[in-house]
There are 2 protein chains.
Amino acid sequence: MRLPARVRIVEAGPRDGLQNEAAQVSTADKVAFVDALADAGHSIIEVSAFVSPRWVPQMADAAAVFAAITRRPGVRYTALVPNLTGLRRAHESNVDEVAIFAAASETFSRRNINQSIAESLETYRAVCDEARRLAVPVRAYLSTSFGCPFEGTVPVERVAELTARLIDVGAYEVAISDTIGIAHPGQVGDVIDAATRTVPLDRLALHLHDTRGTALVNVYAGLQAGVTTFDASAGGLGGCPYAPGATGNLATEDLLFMLDGLGIETGVRLDRVIEASRRIEQAVGHLLPSRVFRAAAAKRHTESPS
Amino acid sequence: MRLPARVRIVEAGPRDGLQNEAAQVSTADKVAFVDALADAGHSIIEVSAFVSPRWVPQMADAAAVFAAITRRPGVRYTALVPNLTGLRRAHESNVDEVAIFAAASETFSRRNINQSIAESLETYRAVCDEARRLAVPVRAYLSTSFGCPFEGTVPVERVAELTARLIDVGAYEVAISDTIGIAHPGQVGDVIDAATRTVPLDRLALHLHDTRGTALVNVYAGLQAGVTTFDASAGGLGGCPYAPGATGNLATEDLLFMLDGLGIETGVRLDRVIEASRRIEQAVGHLLPSRVFRAAAAKRHTESPS
């Protein structure tokens with residue numbers, strides 16, 4: 001079984017992770033977190049979201065975070081944007097790239113962004129057109145690609161079709177997303193197979209959640225299907241298995257432990273990511289769920305002289 | 001990629017799970033747990049260990065547990081035994097099978113059972129000879145097959161050789177065990193490849209720990225290598241990611257969720273295992289780490305009218 005020699009990790013912790021945290025994290029803590037993640041070797045970091053502060057209060061300081069981070073050469077600092085207003089604010093903050101988010105389930109689309117799928121694609125076409133004018137690359141998420149909390153099963157044909165439409169409206173890459181962490185590895189192969197009938201493999205990424213502990217095995221199925229870009233969140237930030245409604249982001253540490261073991265290059269240093277997670281763990285005020293991070297914490301505890 | 005149509009799960013929660021729990025669990029709670037696991041459809045359950053109560057106080061009531069469980073037809077109730085004394089006590093309790101435990105690392109063997117590997121194989125040869133006389137089948141664990149906390153890397157050749165020796169002394173099956181949860185999926189394929197050079201595939205099982213979140217992906221690599229027997233522990237009992245030194249057993253629920261998704265038959269009902277785990281969770285006094293179990297608990301919480 002041939003696996004890719006190199007994988008690109010999209011670090012989404014500062015945005016997808018923190019936006020699900022109840023405790024308001026200070027701008028200074030966010031900036032230190034992003035800088036630490038860049039130090040760890042990440043080449044692309046989703047820093048924040050230019051969305052309504054009424055909608056996501058945690059992301060209200062997006063511009064302040066972008067103004068304060070240390071831009072390292074070779075690192076792309078990105079932001080989520082829901083519409084043209086968000087894109088313009090993001091551009092004013094000199095983002096390197098923006099991300100848009102459509103859904104593969106009609107009910108989820110209406111509940112999450114208050115638009116039908118078709119309406120959202122029109123919105124995003126306008127965003128992509130303007131982004132092209134501004135020379136800002138656009139990445140897309142396709143939520144609920146493996147299942148919807150309201151509709152249940154989502155047909156692979158619909159995922160494949162919407163992936164193609166997002167590329168068509170102007171995204172350079174689509175992160176096929178398991179929003180509720182329900183995918184199994186057989187399904188990952190099926191969805192990637194279906195999507196690659198219309199879109200080249202190198203335009204696809206996987207954004208997996210670990211709600212049911214399947215994120216890593218789904219990464220492995222993705223690797224076997226040839227996928228080379230995976231989203232992850234430092235510490236598993238944004239998910240906590242001990243909290244009801246936990247979203248359970250795939251932890252960057254868990255992903256790196258496996259990829260390092262498999263000899264797959266990422267350019268990201270596991271020990272440095274653990275350091276970044278330790279700092280943000282104190283800011284969010286609860287233990288982070290990454291198993292590798294917790295195993296490292298347990299080891300420190302055991303080896304401490306006290 | 002062809003996967004097996006059917007998998008056999010060895011439920012080790014009552015022994016490998018509970019033996020790592022700090023709180024003493026009552027005999028009645030253990031009996032109810034074993035009975036609930038049999039109700040869930042398990043065909044083989046490791047009930048307890050006939051070891052010194054000074055060594056493992058949690059297992060001191062092994063005979064009382066065996067005396068009180070309801071034996072269901074078709075279910076094998078097994079026990080861990082370290083030596084001939086343990087075997088005889090187990091036989092008096094009418095166990096259907098016993099399990100012995102060797103290690104692939106010399107240092108771990110000395111620290112865990114106070115014998116060299118060679119000495120332990122002599123002990124186990126005597127156990128297997130006597131077990132054959134008593135018509136009691138013997139299963140073997142081979143600990144630290146993917147890495148040792150003291151020695152680090154363990155050569156695959158040594159794992160293969162010791163697997164063959166355990167079959168040779170009389171075990172019908174060897175559970176190749178990732179005691180510290182350090183394996184990655186590439187290593188699983190390598191170890192199974194090496195072991196099957198000397199032992200038929202159907203004599204091998206995988207006993208995986210989830211300390212670093214890799215248990216499920218390692219199961220998947222095992223399935224792809226043709227392995228059809230996997231150990232698991234209800235609720236992930238015996239491991240807690242929030243406790244230092246957590247051992248992190250693969251949770252039966254997480255395993256079942258993936259196998260059910262892949263359409264692989266097990267005969268075990270996920271909802272019933274979750275019920276069994278809910279009861280034992282109260283007895284051990286802390287939240288169980290299984291992600292699927294926690295996701296189910298979060299769903300109940302969200303949907304509750306309160």
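Leaving aside neighbours within four places in sequence, Arg89(A) is in contact with Phe50(A) and Ala63(A). Contact here requires C-beta atoms, placed from the backbone, within 7 Å. The model is predicted: local features need pLDDT of at least 70, side-chain atom pairs count only at pLDDT 80 or more, and totals for chains, interfaces and linings use all residues. Residues are numbered from 1 along each chain as its sequence is written, and chains are lettered from A and ligands numbered from 1 in the order in which they are written.

Arg89(A) lies in helix H4 (residues 84–92) of chain A. Helices (H or I, at least four residues) and strands (E, at least two) are DSSP runs, numbered from the N terminus. Arg89(A) counts as partly exposed because it has 17 C-beta neighbours inside 10 Å. A residue is buried if 20 or more other C-beta atoms lie within 10 Å of its own, exposed if 12 or fewer, and partly exposed in between.

In chain A, strand S2 (residues 44–49) is mostly covered, with 6 of its 6 residues buried. S2(A) runs parallel to strand S3 (residues 76–80) of chain A, and 5 bridges join them. Pairing of two strands requires at least two bridges found by DSSP. Ser48(A) stands opposite Ala79(A) of S3(A).

Strand S6 (residues 173–178) of chain A is also mostly covered: 6 of its 6 residues are buried. In a regular strand the side chains alternate between the two faces of the sheet. From S6(A), Glu173(A), Ala175(A) and Ser177(A) point one way, while Val174(A), Ile176(A) and Asp178(A) point the other way; all are buried. S6(A) pairs in the parallel sense with strand S5 (residues 138–143) of chain A over 4 bridges. Ala175(A) in S6(A) has Tyr141(A) opposite.

Asp193(A) lies in helix H8 (residues 185–195) of chain A. Asp193(A) counts as exposed because it has 12 C-beta neighbours inside 10 Å. Asp193(A) and Ala225(A) are 32 residues apart in sequence, yet 7.7 Å apart in space, C-alpha to C-alpha.

Two packed helices are described by the angle between their axes and the distance between the axes. The axes of H8(A) and helix H9 (residues 215–224) of chain A cross at roughly 35° and come within 8 Å. Axes are lines fitted to C-alpha atoms, for helices over the stretch in contact, and angles run from 0 to 180 degrees between N-to-C directions. The H8(A)–H9(A) crossing is right-handed. A crossing is right-handed if the near helix is turned clockwise from the far one by less than a right angle, and left-handed if anticlockwise. H8(A) contributes Pro185(A), Val188(A), Gly189(A) and Ile192(A), which meet Val217(A), Asn218(A), Tyr220(A), Ala221(A) and Gly222(A) in H9(A). By class, the residues of this contact divide into 6 nonpolar, 3 polar and no charged. Ala, Val, Leu, Ile, Met, Phe, Trp, Tyr, Cys and Pro count as nonpolar, Asp, Glu, Lys and Arg as charged, and the others, Gly among them, as polar.

In chain B, helix H4 (residues 84–92) packs with helix H6 (residues 117–134) at an angle of about 25°, with the axes 9 Å apart. H4(B) and H6(B) are therefore roughly parallel to each other. That term covers angles under 35 degrees; those over 145 are roughly antiparallel, 65 to 115 roughly perpendicular and the rest oblique. H4(B) passes H6(B) in a right-handed crossing. Leu84(B), Leu87(B) and His91(B) of H4(B) make the contact with Ala126(B), Val127(B), Glu130(B), Ala131(B) and Leu134(B) of H6(B). This contact has 6 nonpolar, 1 polar and 1 charged residues.

Strand S5 (residues 138–143) of chain B has 6 of its 6 residues buried, so it is largely enclosed by the rest of the structure. S5(B) pairs with strand S4 (residues 97–103) of chain B in the parallel sense over 6 bridges. Tyr141(B) in S5(B) is the bridge partner of Phe101(B). S5(B) also runs parallel to strand S6 (residues 173–178) of chain B, joined by 4 bridges. Ala140(B) stands opposite Val174(B) in S6(B).

Most residues other than glycine have a negative phi. Asn114(B), not a glycine, has a positive phi of about 60°. Thr144(B), also not a glycine, has a positive phi of about 50°. Asn114(B) is exposed, with 11 other C-beta atoms within 10 Å. Thr144(B) counts as buried, with 25 C-beta neighbours inside 10 Å.

Conventions. Contact = placed C-beta atoms within 7 Å.
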